[in-house]
Amino acid sequence: MSGLRDAALLLLGSDGFLRISELAAVRVDDLAASEDGSGRLALVRSKTDQEAKGETLYVCRATMAAVAAWRRAAGIASGALFRAVSRDGTTVGETPLSVGAIRSVIQRRSRAVGVEGRVSGHSLRVGSARSLVAAGASTAELMQAGRWTDPKSAARYAANELAGRGAVARYFEDAEE
């Protein structure tokens with residue numbers, strides 16, 4: 001059952017560019033399904049939204065399906081979405097996973113698929129930023145997705161991918177053709 005939970009956690013964190021503290025705070029009622037199978041996550045508070053104005057984030061269909069599978073298997077109808085799973089595969093109480101536990105999930109699952117180097121709580125944000133830029137997203141689109149107000153902050157997350165799309169890269173690609 002922890003595999004279902006971890007898949008839902010990693011996918012939701014990636015879709016929403018979520019910090020681990022934001023993942024720990026997600027409650028069942030924060031997610032709303034759309035008719036097409038995608039969903040919306042109401043992010044009540046974040047590091048950059050201390051006044052709790054809130055934001056609404058897109059959640060893809062595959063992630064919503066993973067969340068639904070986790071909820072069904074764990075019997076979660078309300079409260080914290082991500083909870084501890086005991087060794088025998090049952091959920092434990094209503095208490096949300098801690099930030100430390102989520103960090104451990106990210107690190108353990110990353111190592112299991114061969115990710116080398118430093119893996120941190122921000123790894124989901126970094127990976128999402130890199131993927132979005134590799135798919136052709138502009139800096140403005142990246143800023144919106146990651147909820148950054150400063151282009152320099154957004155660019156730091158995907159510096160390698162942005163460098164490959166910069167003026168120098170385009171010049172040499174054109175010159176080599």
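**Salt bridges and cores**

Tutor: Arg147 is buried, and so is Glu22. Buried means under 20% relative accessible area, exposed over 50%, and partly exposed in between (1.4 Å probe, protein chains only). This is a predicted model: local features need pLDDT of at least 70, side-chain atom pairs count only at pLDDT 80 or more, and totals for chains, interfaces and linings use all residues. Residues are numbered from 1 along each chain as its sequence is written, and side-chain values use heavy atoms, with hydrogens and water left out.

Student: What is the N to O distance between the side chains of Arg147 and Glu22?

Tutor: The two side chains meet in a salt bridge. That term means a side-chain nitrogen of Lys or Arg within 4 Å of a carboxyl oxygen of Asp or Glu. For Arg147 and Glu22 the N to O value is 2.8 Å.

Student: How many residues apart are Arg147 and Glu22?

Tutor: Arg147 lies in the loop between α6 (139-146) and α7 (151-157), and Glu22 in helix α2 (residues 20-25). Helices (H or I, at least four residues) and strands (E, at least two) are DSSP runs, numbered from the N terminus. The pair links distant parts of the chain, and the separation is 125 residues.

Student: Why does Asp36 count as partly exposed?

Tutor: Asp36 pairs with Arg61 in a salt bridge, 3.9 Å from N to O. Arg61 is partly exposed too, at 49% relative accessibility. Asp36 counts as partly exposed because its relative accessible area is 45%.

Student: Why does Arg5 count as buried?

Tutor: Arg5 forms a salt bridge with Asp6, their closest N and O atoms being 2.8 Å apart. Asp6 is buried, with a relative accessible area of 1%. Arg5 counts as buried because its relative accessibility is 5%.

Student: Which residues are linked in a network of salt bridges?

Tutor: A search of the whole structure finds 7 salt bridges. Some of them join into a network. Its members are Arg5, Asp6, Arg108 and Arg109.

Student: Which residues touch the most other members of the largest nonpolar core?

Tutor: A nonpolar core is a set of buried Ala, Val, Leu, Ile, Met, Phe, Trp, Tyr and Cys residues joined through side-chain atoms within 4.5 Å. The largest one holds 28 residues. Those touching the most other members are Leu12, Leu81 and Phe82.

Student: Which element gives the largest share of this core?

Tutor: Elements giving two or more residues include α1 (2-15), β3 (55-59) and α4 (99-112). The largest share is 5 residues, and it comes from α3.
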